[in-house]
Amino acid sequence: MRIMKFGGSSVADAGRIKAVGNIVQQAVQEGPVALVFSAMKGVTNSLLEAADLAQAGQSGFWEILQDLRTRHEETLGELIPDGDTTGTAQGVAQLLEELSELLHGVSLVRECSPRTRDLVASFGERLSCPIIAAYLVSLGSPAQWVDAREMILTDENHGNALVKTSRTYQAIATHLHAVEGIPVITGFIAATSQGVTTTLGRNGSDYTAALVGAAMAASAVEIWTDVDGVMSADPRYVDRAFVIPDLSLQEAMELSYFGAEVIHPYTMIPSVERHIPLWIKNTLRPSARGTRITQESPETDHTITGIASIENVALINVQGGGMLGIPGIASRVFGALARADVNVIMISQASSEHSICICVRESELHRACEFLRQELRTELESRRIEQFEEQPSLEIIAVIGAMMRGHPGIAGKLFSALGDSGLNVLAIAQGSSEMNISFVINREDRKAALNVVHDAFFPA
Ligand SMILES: Nc1ncnc2c1ncn2[C@@H]1O[C@H](COP(=O)(O)OP(=O)(O)O)[C@@H](O)[C@H]1O
Ligand SMILES: N[C@@H](CC(=O)OP(=O)(O)O)C(=O)O
């Protein structure tokens, strides 16, 4: 069985969905498939924006609701202009009515808990899948849409729920074996054992596909998107970015961790466990080979494999001569950030141990500093810590590659290229795996730095 996941870019409008229909009809000729779909492009962002507006008591969420209604009804009409879409249209209308009541409730109580946010975010996939399933049926492919909340079991960590994999694998296998025809599965969403809706983290439909692949012992998991594969850098910023033909799972994890949103970091885990190859394919150019991701480290004559970047990050710099003698200062810093539920993206510590530099998402900067100042208030008052500096509006860039391990001179080449271009580096870190070197720069230097590094390691 092939698991084929189509992201928001592949179902952005009726035209894209028709291209997906052609790809699916071809695939079905070759053997059994199960399909995973995301919300139409931009819908999840709109839903989360509507939740924020409703929580703030701003009426703008009504316009978003109306736009969603129009977009989904028009898409259904364009896909099936002549067939009977009454059932599907009624289902879409009912979902949108439910969403409307939910957002109205949020606006009345001026509160949107992480649990409620997950429920709001879930409507994107719940709207797209019935429409796509109805379209495939209209093409003569016996498709049946499946609500993944009935199969994927998670904990209660809303927004980034942890999957209970063994029970999930059993539930997926049981559920899908009962589906007649082609399963059209909602990506991104899941549920707790109490049936409360959760989500797998942004970009999480890839992970859904990998879970389905693992549960069904698939021959391959294919991530269909709008680029020819995993590229040597984000093609939106680096014109000379090229498709990486083969990637190891570890390299793919590093690239996705450091911002290559083309694939969700957790996607690789089920594949590692079950030796299932992952493919990144282009819905707009299905004949292109794509990128194959497997356990093996492919042969390459490049010293690095790719470059990734994470935008909207911030640095917290804690510095002071008095830090030298403070036992466990680092663990206290990490303890405070853990209590703040802040994810540390990168850390670099001066060898003199008198400074610690931490990189976090900009959206978590305020909370991180609040908890850190609380934890270090004694040292701050006694001036043993002299400096506590926050730097927002930054960017992390990482160079990644299995061949970097034990290959001297990469850091030198990287930072001399940046220095020669007058690009200032604010912090540096190297992963213990020696498969990545990451550094922090000002946000406005992002495009220049990505191209300088790409030219340095992949000269024309
Ligand atoms: N290294 C990379 N290789 C390929 N695409 C990348 C990379 N880094 C960032 N991207 C961006 O990721 C996008 C695909 O991810 P996403 O927008 O989530 O697609 P989908 O909606 O299909 O899930 C591409 O259009 C590209 O702009
Ligand atoms: N719709 C969800 C899940 C997802 O994976 O979307 P996409 O496949 O478009 O990245 C999101 O936007 O996060």
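**Salt bridges, a ligand shell and a loop proline**

R2 and E222 are both buried. They belong to a predicted model, and their side chains join in a salt bridge with an N to O distance of 2.9 Å. R2 sits in strand β1 (residues 2-6) and E222 in strand β7 (residues 220-225), which makes this a link between distant parts of the chain, 220 residues apart. Side chains of opposite charge can pair when their charged atoms come close.

How many salt bridges are there when the cut-off is a side-chain nitrogen of Lys or Arg within 4 Å of a carboxyl oxygen of Asp or Glu? The count is 19. One of these pairs is R236 with D234, with N and O 2.8 Å apart. R236 counts as exposed because its relative accessibility is 53%, and the limit for that class is over 50%.

Another salt bridge connects R339 and E375, whose closest N and O atoms are 2.9 Å apart. R339 is part of helix α11 (residues 329-339) and E375 is part of helix α12 (residues 365-375), so the pair ties together parts of the chain 36 residues apart in sequence. R339 and E375 also belong to a network of salt bridges that takes in R332 and E379.

The next site is the surroundings of ligand 2. The residues around ligand 2 are K5, G7, G8, S38, T44, E125, F188, R202, N203, G204 and S205. By class, this shell has 1 nonpolar, 7 polar and 3 charged residues. The side chain of E125 has a polar atom 2.7 Å from a nitrogen atom of the ligand. G204 takes part through its backbone, with an N or O atom 3.2 Å from an oxygen atom of ligand 2. Ligand 2 taken alone exposes 340 Å², and the protein buries 85% of that area.

The last stop returns to the start of the chain. P32 is located in the loop that runs between α1 (14-30) and β2 (33-37). Is P32 buried or exposed? P32 is exposed, because its relative accessible area is 54%, against a limit of over 50%. Apart from neighbours within four places in sequence, P32 is in contact with M1 and R2. P32 and M1 are 31 residues apart in sequence, yet their C-alpha atoms are 4.9 Å apart in space. R2, the other contact of P32, is the buried partner of E222 in the salt bridge described at the outset.

Definitions and conventions:
Residues numbered from 1 in each chain as written. Chains lettered and ligands numbered in written order. Predicted model: local features only at pLDDT ≥ 70, side-chain atom pairs only at ≥ 80, totals over all residues. Heavy atoms only, no water. Helix = DSSP H or I, 4+ residues; strand = E, 2+ residues; numbered from the N terminus. Buried < 20%, exposed > 50% of the residue type's maximum accessible area, 1.4 Å probe, protein only. Near = heavy atom within 4 Å. Polar contact = N/O pair within 3.5 Å; in protein donor to acceptor, adjacent residues only side chain to side chain. Areas by Shrake-Rupley, 256 points an atom, 1.4 Å probe, with all protein chains shown as cover. Nonpolar A, V, L, I, M, F, W, Y, C, P; charged D, E, K, R; others polar. Contact = heavy atoms within 4.5 Å.
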